[in-house]
Structures are given as structure tokens and as C-alpha cells.
Amino acid sequence: DVDAAVGCAQVVLRLMREQGRITAEQASVDPSAVKLKEESGQNSVRYFTDWALPQLDILLPNTLEPIEVWTTIDTGMQAAATAAIKSNSPSGAQGALVSLDRDGAIRALVGGTDYVTSNFNRATVAQRQPGSAWKLFVYLAALRAGWSPQDRIANTEITEGSYRPKNSRGRYSESLTLEEAFAQSSNVAAVRLLSEVGSEKVIATARDLGVTSPLAKGDPSLALGASTMTLLELTSAYAGVAANALPVEPHAFAREERGFFENLWDGPSSLSSSTQSDMEQMLRSAINSGTGRAAMLRGPNFGKTGTTQNN
């Protein structure tokens with residue numbers, strides 16, 4: 001706050017002159033003439049600490065002794081995340097990024113392009129439509145209900161009812177396998193699959209993966225990610241598929257490793273090995289041959305693109 005800083009400086013100079021610490025000539029300097037270095041791009045880890053520090057009130061015992069706590073953040077990954085958001089956010093737009101280990105440990109978290117300009121945390125607070133990234137829950141619910149990636153679903157235009165979703169660029173066909181529909185991010189196939197599986201099972205799958213935001217039961221637009229949620233929720237859900245742990249709880253502070261018997265008796269639930277394998281196969285296809293080809297890596301990679309109206 002430049003005005004407050006200048007006002008504070010004027011008070012200090014006046015008191016120093018009144019107390020004889022400096023001369024009247026020395027006190028005549030104008031603090032407002034000092035060139036202040038613009039504070040842009042303050043350490044983006046503040047988005048992380050703003051979210052993490054209030055949790056210590058619950059985690060730590062009441063004590064007057066000094067306490068050391070270790071966070072899960074990886075400073076190298078945090079720097080890379082900050083650079084990615086700054087370099088890829090269009091001028092005037094904002095961005096956010098969350099990177100989790102499969103156990104939910106937050107390795108990088110950026111809530112905006114510049115903490116000084118805006119400390120609103122778009123990673124943990126902002127409710128946004130996930131768009132087609134939501135289709136993970138629709139297809140995973142279908143797999144849990146007995147569908148396979150090679151089962152076919154109609155990919156023709158929807159002409160009945162009041163909800164008429166369109167495929168990107170008007171691409172339709174008679175039918176697609178679930179794997180093809182997921183990779184190509186077919187909107188009409190996702191809406192039909194939601195109808196076949198039922199919104200209750202899709203919502204139950206989202207809840208199992210840790211989604212807590214309100215979800216529109218019975219609304220066909222649910223298939224295309226019209227219900228809003230936070231980026232942290234969405235990332236945690238994908239981490240749950242990667243770890244085969246339902247749910248994965250995002251956390252900011254280091255935790256002790258759970259023992260084998262602790263996990264056995266009191267650990268998170270999981271998908272069947274075949275269901276997880278089928279879902280990973282579909283996530284792999286989305287990157288290697290589908291809409292996410294621009295993100296393809298040399299090693300194993302899995303993912304799903306997600307856009308809303310007009311990208």
C-alpha cells in the first residue's frame with residue numbers, strides 16, 4: 001500500500017526530528033518522491049500457504065513451544081507451475097494449476113497469474129465448470145456398471161427432447177466404442193451414456209472420488225460438466241483413479257506412512273483391477289490418439305481434455 005507506506009514514513013521523519021535524531025534539513029525529504037520497486041509476481045506459494053496454514057489450528061496441539069511443520073510442496077515443481085501459468089494464460093485472463101501425488105500430497109498449487117494483483121485462489125475456492133473433463137465420472141460409472149471400453153454407443157445427433165448437445169465441429173457417426181467416444185470427447189455419446197447408466201450412479205462415482213460440490217441429479221447437462229466444482233476437487237478425483245484409492249484426500253503437510261495392516265483394515269476403498277485398467281486404457285487413448293494429443297509425452301501418459309462452450 002504505497003499511500004500508507006508514505007504516510008508512515010512521514011510520521012517517522014517528524015518524530016525523529018522532534019526527538020533530535022535528525023536535523024530539520026534531513027527531515028525535509030519527501031517520502032513520496034522515493035521510487036518504489038513494483039512488487040509484481042510475488043512468490044506464488046502464497047496461494048498454497050493461504051490454503052494450508054488455517055489447517056494447522058486443527059492439526060497441532062495447543063502449546064507455547066516452537067513447532068516445526070513440513071509441507072508437501074516441491075519448490076522445483078512450484079516454480080515450473082508458476083512459469084506455466086504465466087506463460088500460457090492469455091493476456092487479461094487468469095489461470096490455476098494443481099499437482100498432486102497419488103496419495104494426495106500437494107506438490108504444486110497456483111491460484112492465479114500474480115498473487116499481488118489478485119490473491120483470490122482459483123485452485124481451491126473458485127467454482128468452475130469442468131466441461132468435458134467431467135466425462136471421467138460418466139465413463140467410470142459405466143465401467144463399474146459392467147460396460148467395457150469396446151461396447152458401442154450411438155454417435156448420431158440427438159433430435160429428441162429439449163436438450164440438444166452438439167459435437168465439436170459437427171462430427172458425428174453411426175456409433176463409437178466407449179474408448180473412441182471418450183478419446184474423441186463426443187458430447188452426444190456422453191449424454192446417451194449418462195442416460196443409460198443413470199445420473200445417480202454417475203453422482204455416486206463422483207462422491208466416491210471425493211467430489212463434494214452440489215451436482216444436478218437428473219440433468220442431462222451433467223454429462224458435459226455443467227455442474228461447478230473446484231480444480232482441487234477435480235484433480236483429487238483423477239488422483240484417485242491413478243492411485244486406485246477412493247477417495248484421495250489432498251493434504252498440505254507430510255504424513256506418516258500407513259502400515260500394511262492399517263491400509264488393509266482402515267484404508268480407502270478401491271476400484272476392481274479390471275475397472276481401473278479399463279479406465280486407464282481410455283485415459284491413455286484420449287492423450288495418444290484423441291483430443292489431448294498436444295499433451296502426449298514419451299513415457300506412459302493418461303488424461304482428458306476439458307472445455308466448455310466456445311472453448
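Me: Which exposed residues does the face of α5 turned away from its buried side carry?

Reply: This is a predicted model, in which local features need pLDDT of at least 70 and side-chain atom pairs count only at pLDDT 80 or more, while totals for chains, interfaces and linings use all residues. Residues are numbered from 1 along each chain as its sequence is written, and side-chain values use heavy atoms, leaving out hydrogens and water. Helices (DSSP runs of H or I, at least four residues) and strands (E, at least two) are numbered from the N terminus, and buried means under 20% relative accessible area, exposed over 50% and partly exposed in between (1.4 Å probe, protein chains only). On the face of α5 turned away from its buried side, the exposed residues are Ser87 and Asn88.

Me: Which residues in α5 are buried?

Reply: An α-helix has 3.6 residues a turn, so residues three or four places apart point the same way. The buried residues of α5 pack against α3 (45-52), β1 (97-100) and β2 (106-110). They are Gln78, Ala81, Thr82 and Ile85.

Me: Is Leu176 buried or exposed?

Reply: Leu176 lies in strand β4, which comprises residues 173-177. Because its relative accessibility is 6%, Leu176 counts as buried.

Key: Contact means heavy atoms within 4.5 Å.
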